[in-house]
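Let's walk through a protein model together, one question at a time. Have a look at it first, then try each question before you read on.

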Amino acid sequence: METKTVDNEILISAVRDFVAEGRSVELRCKGNSMNPFLVSGRDSVTVGPFTDADIVPGAVILGRDSSGRWLLHRVVKCCGSQVILNGDGNASWLFEIVDKGEIVAVARSFVIRGKRVETGSLRWRSCSYLWHLAGRIALGRWSLRRIILGLWRRLHLRDSRFRKTEVRHRRQADISDASTLRWK
């Protein structure tokens, strides 16, 4: 399988073409907004064609928000022609809004630590539900999700295997720089 690094506009154009043909594309994750489930530079996502029935709360979509940033985030709610998203690594109250016309693809599977996890699997659905629930459980002023994320980030930064990656991606935290594309 060939791997190339390209600008996001070229990448998204190619992904849009492949999805229109009914094909899937595997993308390497970049950025920290889907931590702790997806880690930048380590994990990847396979996105593919979708119907309106696939755009439901809990689904992970690739789309452009109103400010022009490309996002791979989880659907929180559908409101008419707009979809409200939230990244797993973001605060539970930090939302992005995407028009349905700006959605390019839906995640079909993930490669996490070298193992493929399908989005319809019991493991993925259970983890997604529990993470959503953790955002709603308050412990004092903070949600359980925020506490878990804080602990995870501290442990992740201490791990010497990830320290260099974390520092590099703190400077390039936005997905709009460039991404890695694998053609299937």
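Asn-8, Leu-11, Ile-12, Ala-14, Val-15, Phe-18 and Val-19 are the buried residues of H1. Keep in mind that this is a predicted model.

Q: Within what arc do the buried residues of H1 fall, seen down the helix axis?
A: Start with the general rule: an α-helix has 3.6 residues a turn, so residues three or four places apart point the same way. In H1 the buried set includes Leu-11, Ala-14, Val-15 and Phe-18. Looking down the axis, the buried residues line one face of the helix, because they fall within an arc of 160°.

Q: Which exposed residues sit on the face of H1 turned away from its buried side?
A: Exposed means over 50% relative accessible area. On the face of H1 turned away from the buried side, the residues that count as exposed are Ile-10 and Ala-20.

Q: Which residue has a side-chain oxygen that reaches the backbone nitrogen of Glu-9?
A: Look at the start of H1, where this contact is found. The oxygen comes to within 3.2 Å of that nitrogen, and it belongs to Asp-7.

Q: Is Ser-13 buried, partly exposed or exposed?
A: Ser-13 is part of helix H1. Buried means under 20% and exposed means over 50%, with partly exposed in between. The relative accessibility of Ser-13 is 38%, so this residue is partly exposed.

Q: How far apart in space are Ser-13 and Val-104, C-alpha to C-alpha?
A: Along the sequence, these two are 91 residues apart. In space, the distance between their C-alpha atoms is 9.2 Å.

Q: Within what arc do the buried residues of H2 fall?
A: The buried residues here are Trp-124, Ser-128, Trp-131 and Ala-134. The face turned away from them carries the exposed residues Leu-122, Tyr-129 and Leu-130. Seen down the axis, the buried ones line one face of H2, because they fall within an arc of 125°.

Q: Which element gives the most residues to the lining of the second largest pocket?
A: This pocket holds about 340 Å³ of space and has 16 lining residues. Strand S5 (70-79) and helix H2 (122-134) are the elements that give two or more of them. The top contributor, with four residues, is H2.

Q: How many of the residues lining the second largest pocket are charged?
A: Arg-74 and Arg-145 are among the residues nearest the pocket's centre. Across the lining there are six nonpolar residues and six polar ones. The charged residues number four.

Q: With which residue does the side chain of Glu-96 make a polar contact?
A: Glu-96 lies in strand S7. Its relative accessibility is 7%, so Glu-96 counts as buried. Its side chain has a polar contact of 3.0 Å, and the partner is His-73.

Q: What is the C-alpha to C-alpha distance between Ser-81 and Gly-101?
A: Ser-81 lies in the loop between S5 and strand S6, and is exposed, with a relative accessible area of 52%. Ser-81 and Gly-101 are 20 residues apart in sequence. In space, their C-alpha atoms are separated by 8.0 Å.

How values were computed. Residues are numbered from 1 along each chain as its sequence is written. This is a predicted model: local features need pLDDT of at least 70, side-chain atom pairs count only at pLDDT 80 or more; totals for chains, interfaces and linings use all residues. Side-chain values use heavy atoms; hydrogens and water are left out. On a 1 Å grid over the protein atoms alone, a cavity is a set of points where a 1.4 Å probe fits but cannot get out, and a pocket is an open set with protein on both sides within 12 Å along at least five of seven lines; lining residues have an atom within 4 Å of a point. Grid points are joined across faces, edges and corners, and a volume is the space filled by probe spheres set on the points. Ala, Val, Leu, Ile, Met, Phe, Trp, Tyr, Cys and Pro count as nonpolar, Asp, Glu, Lys and Arg as charged, and the others, Gly among them, as polar. Buried means under 20% relative accessible area, exposed over 50%, partly exposed in between (1.4 Å probe, protein chains only). The arc is that of the directions from the helix axis to the C-beta atoms. A polar contact is a pair of N or O atoms within 3.5 Å; within protein, one must be able to donate a hydrogen and the other to accept it, and residues adjacent in sequence count only if both atoms are side-chain atoms.
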